[in-house]
Amino acid sequence: MNKIIVKELFSSAFSESKALILRNVIQEKIDLNESVELDFTGITKFTTLFFNFSTGYFISVLGPVEYNKRITLKGLSELGESTYQSSYNNAIEKYDPEQSEKILSIIENPGE
């Protein structure tokens, strides 16, 4: 399992731009068929938007079962865990394999 220390990338999990940075790093590992552990130790600021565009993206790409096998998170503060769970639950609830392509198009092209 590959460990990604988020604090080495940025100091807050707050924006779409930071989410896209993390998403690209995760994607590199997923492309190699590897599992990923995201370590959020030291990160104190979070938004649901951040998780929607980083981890939520992979729920749409991989599906919930494969996502849970391949991506784990640790080191989240109480606020981080709550924010992540909100994004995660929303993505799981809305996951529909038939609609996945439409959702991915929106997430991959947020400014369009």
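Predicted model: local features only at pLDDT ≥ 70, side-chain atom pairs only at ≥ 80, totals over all residues.
Local features are taken at pLDDT of at least 70 and side-chain atom pairs at pLDDT 80 or more, while totals for chains, interfaces and linings use all residues. Residues are numbered from 1 along each chain, and side-chain values use heavy atoms, without hydrogens or water.

Three strands form an open sheet in the order 1-2-3, with parallel pairing. Strands are DSSP runs of E of at least two residues, and helices are runs of H or I of at least four, numbered from the N terminus; two strands pair if DSSP finds at least two bridges between them. Strand 1 (2-5) and strand 3 (71-74) each have a single partner strand, so one side of each is left without a neighbour in the sheet. Strand 2 (residues 36-39) pairs with strand 3 over 4 bridges, and L38 stands opposite L73.

Buried means under 20% relative accessible area, with a 1.4 Å probe and protein chains only.

The structure holds 10 aromatic pairs, defined by ring centres of Phe, Tyr or Trp (its six-membered ring) within 6.5 Å; planes under 30 degrees apart are stacked, over 60 edge-to-face and the rest tilted. F46 and F51 are stacked, at 5.9 Å centre to centre and 10° between the planes. F46 is buried at 7% relative accessibility, and F51 at 0%.

How values were computed
Buried < 20%, exposed > 50% of the residue type's maximum accessible area, 1.4 Å probe, protein only.
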